[in-house]
Each structure stands twice: as structure tokens, then as C-alpha cells.
Amino acid sequence: MKKNLVLFILFILPIVAYLFFASGVNSFITLPTITPNIPNVDAQWKSLNGEKVSLDKKITILGFAGQDILANSGNFFTLNQKIYNKYRAFKDFQFVFIAPLGTEDQAQRLLKELGKISDVSGYHFVFTTPEAIKSYHANLKLLGKLNNQSGTPYVYIVDKKRNLRGRKGKSDKGKPEYKEGYNTTSAADLHNDMMDDVKIILAEYRLALKRNSADRKI
């Protein structure tokens, strides 16, 4: 019992304190699940350079790029600066964008431009038909809809078990709160809400690693 108490103080209590004080906007200690066990990306969908893309065992920022990837490049650059650059060192962190077939060249050009300011190895694009994109998005069971170009400016946090995470419950002011995605057209939304929520997800996994390490020492 005494050993367990010591391990709790050394390994778990500091993480809980970190979660509490680090979450300046989100009052949740863990990030609620919006949609459990979303589908993985289809292995038959085309990817850049024939790479295998999967949501399994990764913390994923999932997006729907739409037909006009380059026209919306400003959104990608904002997301890159506010989120990707801050957390890309986490080895299980990735960005996955689903886009219509025929936009491969646009995706390549976007990555080339992003590559001038970042290591883009954590970016992945997969391509399929607009019908398949619509069907996949419907399986996420979100309130938000895709636009007529099979895209949306919103991106979503997906954990290692393919649960789509966000905010559901009450805010720190006691008001009902629901947030399923993060608007890439809003630097404030990314800097405040999304940065806060990604920080909580990563801290969850750090806590799990600490707990597993502590269990092995008992």
C-alpha cells in the first residue's frame, strides 16, 4: 500500500496537476468521446507515393481537404503553425486528409510549400471518390456537413483507438458545451480550443505510459 502511494505521488499526481493547470480553456481532465470507434481509412484508397495510411495506434488530426486544396492553402498553413509544428515531435502524432481523386497534384504542391518551413513526414493524404468521402464522413456521425466540394474547414481529433474526441458536457462556467471539430479558418479556435484539447490528449497518453511503467515496477 505504501509503495503504491509513493508511485502515485511520483508518477500520476504530477500529470493530473499538469492537466488541470495546462487546460486553460477546456475544463475536462480527459477529452470526451464524440463518436466511438470510427472507421479506419480504406486500404484501397489511393495515397501519395503508395504509402500505407492508417488511423490505428496513432493520434490523428483528421481532415477533409475538398477539391480546392491550393485555394485553401492558408488554412493548412495556419493549422501547420498552430498545431502541427508544436506537436509533431510526438512520435505517434499524424495529420491525415481525405481528398477527392484528381487532387493529388495539388496535395503534392501543398506539401512542397509546407516542406519549406516544416518536416512534413507526419502529413498523409488519401484519395477516393466524392461518394466514398460522403459515406465515410456520415459514419463519423457529426452535426457538421461536408460542402459541395467534398470538404470542410473543420478538422477532428481521433485517438489511438479511433475514437473521435471533442467537448461534450459543461464548460468551466457550467454552461452546456459541445465541440466536435476545430475551424481552420480561425486562428483563435486553433490557438485556444484545439491546442488545449490536443495537449490534453497527449497528456492522457503520457499518463498511461507513466501508469504502465509504475505497474511494471510493483
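Helix H2 (residues 73-87) and helix H3 (104-114) pack at an angle of about 40 degrees, with their axes 11 Å apart. Axes are lines fitted to C-alpha atoms, for helices over the stretch in contact, and angles run from 0 to 180 degrees between N-to-C directions. Helices (H or I, at least four residues) and strands (E, at least two) are DSSP runs, numbered from the N terminus. The model is predicted: local features need pLDDT of at least 70, side-chain atom pairs count only at pLDDT 80 or more, and totals for chains, interfaces and linings use all residues. Residues are numbered from 1 along each chain as its sequence is written, and side-chain values use heavy atoms, with hydrogens and water left out.

H2 and H3 are therefore oblique to each other; angles under 35 degrees count as roughly parallel, over 145 as roughly antiparallel, 65 to 115 as roughly perpendicular and the rest as oblique. The crossing of H2 past H3 is right-handed, a term for the near helix being turned clockwise from the far one by less than a right angle, with anticlockwise being left-handed. Ser 73, Phe 76, Phe 77 and Asn 80 of H2 meet Leu 110, Glu 113 and Leu 114 of H3. By class, this contact has four nonpolar, two polar and one charged residues. Ala, Val, Leu, Ile, Met, Phe, Trp, Tyr, Cys and Pro count as nonpolar, Asp, Glu, Lys and Arg as charged, and the others, Gly among them, as polar.

Val 120 is placed in the loop between H3 and strand S5 (123-128). Apart from neighbours within four places in sequence, Val 120 is in contact (heavy atoms within 4.5 Å) with Tyr 84, Leu 111, Leu 114 and Gly 115. The C-alpha atoms of Val 120 and Asn 85, 35 residues apart along the chain, are separated by 9.5 Å.

The protein chain as a whole has five helices and ten strands. Of its 218 residues, 48% count as buried, that is, under 20% relative accessible area, with exposed over 50% and partly exposed in between (1.4 Å probe, protein chains only). Strand S4 (residues 93-100) is largely enclosed by the rest of the structure, because eight of its eight residues are buried. Phe 93, Phe 95, Phe 97 and Ala 99 lie on one side of S4, and Gln 94, Val 96, Ile 98 and Pro 100 on the other. Strand S3 (residues 59-65) runs parallel to S4 and is joined to it by six bridges; two strands pair if DSSP finds at least two bridges between them. In this pair, Leu 62 stands opposite Val 96.

Strands S8 (residues 167-170) and S9 run antiparallel and are joined by four bridges, with Gly 169 opposite Glu 177. The hairpin has five residues between the strands, and Gly 174 takes a positive phi near 85 degrees.

Most residues other than glycine have a negative phi. Ser 150, in the loop between helix H4 (130-138) and strand S6 (151-158), has a positive phi of about 65 degrees and is buried at 9% relative accessibility. Arg 162, in the loop between S6 and strand S7 (164-165), has a positive phi near 65 degrees and is buried, with a relative accessible area of 18%.
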